[in-house]
Amino acid sequence: MQKNVQPASGPFKGEVVVPGDKSISHRAVLFASIAEGESVIRGFLRGQDCLSTMHCMRLLGVEIEDSGQEIRVKGNGKYGLTEPRELLDVGNSGTTIRLLSGILAGQPFSSVLAGDQSIARRPMRRVTGPLKMMNAQIDGREYGNYTPISIRGGGLQAIHYLSPVASAQVKSAILLAGLYAEGKTTVSEPFKSRDHTERMLETFGVSVENGPDYAVVEGGSTLKGTNVDVPGDISSAAFMFTAAAIIKDSDILVKNVGINPTRAGILDVMTRMGVNWTMEREYHLGGEPVADIRVRYAPLKGCTIDGADIPRLIDEIPAIALLATQAEGTTIIKDAQELKVKETNRIDTVVNQLNALGADCRATEDGMIIEGPVTLTGGRADSFHDHRIGMTMALAAAASTAPVLVNGTEAIDVSYPGFFDDLTSLEPS
Ligand code: S3P
């Protein structure tokens, strides 16, 4: 699908409630499926990725009802999943394939996981390697690095795994497998990645040690069905923050945003870049901190983003890069090699796509350098089937002097169905 996105006709003003958190929605369905008893999930993100997780769990024998208001999952218990007759199609979703691999490593049956062309290029050894160390039988192209991935699980042993990457998908897969293993499973990371798994397992009655750069679970723990309220996704909110921060005189209130400290790096960067933002209400939802966040336009300045910042804002870098094109001075993003193995190589897609509209960005080995401020002049852009690239380019259009014809806007549904409606609702009528 193509969309000719017009420059903003004036400041963005008003309130918006962004859809449910993608990471938390996946986990809610996965954990509820292996819990004992029923769970009810509210605020679930009905984006393509989370629907893929639901689809896979149904193929594994789990009864899941979606009333439109809430998702009701009849948990099968840890050992109640059944061998799927079909291939488990994860679509575009890295979280589905990696977290589900951890659960399947504990199942004494055979299953095969595959997805779209983007998934076929993304590395799986980071997950299949440690799961094989725990005793699961796993294979795939290049010895289990690429889809299709086949898993025959069961008979797992606990491990102490020192992960070379700060990845919540890796950590979560191993912790989930650890629930099926004998003994204590520990995952240590170079920097703490998002800790939704640790927090939500506690909500499902599993005791987890959630350390500053490690997490521990005890084999044999069982999950008990519960209710989960999913907060709004800060990764989606990031695009609304960016809209307000780059269009003069804007003033937006984004409500119900998850502000888990392992995810909220964008807020620190907004402060460093001079964005005028405030927190209007703080509360807790489903074991996660949440707030309403107001962003008002203010002049921006460049900054450096690196090290421990990166896992706390990895998905927000495309939006931050757009902010940086409108900021005075140089923005340097480094230590972000992980961008190369996202839905696209986001170092290349961000730099090439923004430059095509008149930006001054340079790709580096582990990030990018962005000079600003520049006048974006409109033109053509492509999502390359990457939801966050699609949203970045649509917002770049808002800040441009001429329209941007964005190709592949359907990808945006992966994490933010209703993105264009929300944006339009904030425009002057
Ligand atoms: C996610 C973890 C991150 C993130 C992805 C969702 C999760 O990936 O980029 O969008 O839900 O655990 P990595 O674990 O590969 O860093």
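**Around the ligand: a quick Q&A**

Student: Which residues surround the ligand?

Tutor: This is a predicted model, where local features need pLDDT of at least 70, side-chain atom pairs count only at pLDDT 80 or more, and totals for chains, interfaces and linings use all residues. Residues are numbered from 1 along each chain as its sequence is written, and side-chain values use heavy atoms, with hydrogens and water left out. The ligand is surrounded by K22, S23, R27, T95, S167, A168, Q169, R194, I314, D315 and K342.

Student: How many charged residues does the shell around the ligand have?

Tutor: Asp, Glu, Lys and Arg count as charged; Ala, Val, Leu, Ile, Met, Phe, Trp, Tyr, Cys and Pro as nonpolar; the others, Gly among them, as polar. On that basis the shell has two nonpolar residues and four polar ones, and the charged count is five.

Student: Which helix gives the largest share of the shell around the ligand?

Tutor: Helices here are DSSP runs of H or I with at least four residues, strands are runs of E with at least two, and both are numbered from the N terminus. Helix 7 (168-178) and helix 1 (22-33) each supply at least two shell residues. The largest share is three residues, and it comes from helix 1.

Student: How far from an oxygen atom of the ligand is a polar side-chain atom of S167?

Tutor: A polar contact is a pair of N or O atoms within 3.5 Å. A backbone N or O atom of A168 lies 3.0 Å from a ligand oxygen, and a polar side-chain atom of S23 lies 2.7 Å from one. For the polar side-chain atom of S167, the distance to a ligand oxygen is 2.6 Å.

Student: Which residue has a positive phi despite being other than glycine, and where is it?

Tutor: Most residues other than glycine have a negative phi, and most peptide bonds are trans. Y143 has a positive phi near 55 degrees.

Student: Which residue does a cis peptide bond join to P148?

Tutor: P148 has its place in strand 9 (residues 146-152). Omega of this cis bond is about -5 degrees, and the partner of P148 is T147.

Definitions and conventions:
A residue is near a molecule or strand if one of its heavy atoms lies within 4 Å of it. A polar contact is a pair of N or O atoms within 3.5 Å; within protein, one must be able to donate a hydrogen and the other to accept it, and residues adjacent in sequence count only if both atoms are side-chain atoms.
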